[in-house]
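Look at how charged side chains pair up in the predicted model below.

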Amino acid sequence: MKWDIALPAQAQLGEGPTWDPATRRLLWVDVLASKIHTYHPGTGSDEVFSADQHVGAAKPRANGGLVANLRDGVGLYDPDGTFHWLAHHPEEGCRANDAAVAPDGALWAGTMRYDEAPGGGKLRRVTADGTVTTIRSDVTVSNGIAWSPDHSLMYYVDTPTRRIDVLDSDVPDPVFRPFVHVPGLPDGLTVDADGCVWVALWSGGRVLRYTPAGTLDRTVEIPARQTTACAFGGPDLRDLYVTTATTAAPPDDSHAGSLFVVPNAGQGLPSTTFPG
């Protein structure tokens with residue numbers, strides 16, 4: 001599949017691409033640079049907003065502004081840039097990582113330790129009124145989160161396990177069970193309209209697609225070793241955007257940190273905006 005460089009960004013740790021249907025732009029973050037980016041496919045321009053701390057993910061809110069998974073908790077940015085905490089839970093030595101808005105509007109937000117100590121991260125569910133439920137308190141590098149087209153299943157990655165897990169999303173105490181074992185380190189993921197799971201491989205330089213039955217049926221090679229996450233965007237949600245990182249990239253990796261796009265890669269699903 002043909003790729004293009006949408007933006008030669010040289011991000012330290014590009015992550016969390018999310019298509020905002022209201023603005024028809026792509027949100028993504030540079031975690032370690034504490035930057036929230038807004039990419040305009042029509043013009044190729046990229047607006048950059050500085051957060052006050054490391055930011056694992058930023059998602060659009062229904063009434064404008066952003067909800068952000070930050071080092072010390074989940075915060076809200078109003079359209080004018082005003083900030084306030086929705087759920088403040090700082091933990092020494094920990095930072096935010098990937099997050100996603102569930103079909104019911106709750107934000108599922110993951111954390112990890114800076115030293116990646118086993119079991120040092122958490123996966124939390126945060127609602128618009130600030131209610132926090134800890135779903136798991138034993139993850140190492142909480143990463144990709146996405147839902148099946150009918151919303152009955154949630155897919156989840158704890159990177160060092162080298163697998164994608166799946167759980168039933170309509171039960172109060174879900175059981176995480178293996179979906180597929182991945183040949184590498186799975187990072188961010190997305191689900192397309194056919195229910196296939198696309199996952200970026202850290203230190204793998206590629207994105208893999210698995211069918212709902214768990215069969216690998218497509219590989220997209222990306223010319224940057226540290227591929228981190230993927231999401232569908234564009235007016236018809238048919239272009240696959242892939243974030244990458246310069247962190248731990250080989251010295252000769254000239255495209256490290258760039259934002260890539262694979263035109264007409266498939267059919268994505270509309271994302272849910274966070275209430276408020």
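The count of salt bridges in this predicted model comes to 12. One of them joins the side chains of R124 and E91, with N and O 2.7 Å apart. The two partners are 33 residues apart: R124 sits in strand β12 (residues 121–126), while E91 lies in the loop between β9 (83–88) and β10 (94–101). R124 counts as buried because its relative accessibility is 7%, under the 20% cut-off. E91, at 25%, counts as partly exposed.

R125 and D104 form a salt bridge, their closest N and O atoms being 2.8 Å apart. Here R125 is partly exposed at 23% relative accessibility, and D104 is exposed at 53%.

A further salt bridge links D138 with R136, at 3.1 Å between the closest N and O atoms. D138 is partly exposed, with 45% relative accessibility, whereas R136 is buried at 18%. Salt bridges can also share partners: in this way E91, K122 and R124 are joined into one network.

D187 is placed in strand β18 (residues 185–191). Its side chain does make a polar contact with the side chain of N143, at 3.2 Å. Among the other residues that D187 touches are E15, V157, T159 and W202.

Key:
Residues numbered from 1 in each chain as written. Predicted model: local features only at pLDDT ≥ 70, side-chain atom pairs only at ≥ 80, totals over all residues. Heavy atoms only, no water. Helix = DSSP H or I, 4+ residues; strand = E, 2+ residues; numbered from the N terminus. Polar contact = N/O pair within 3.5 Å; in protein donor to acceptor, adjacent residues only side chain to side chain. Contact = heavy atoms within 4.5 Å. Salt bridge = Lys/Arg side-chain N within 4 Å of Asp/Glu carboxyl O. Buried < 20%, exposed > 50% of the residue type's maximum accessible area, 1.4 Å probe, protein only. Lists of a residue's contacts leave out its neighbours within four places in sequence.
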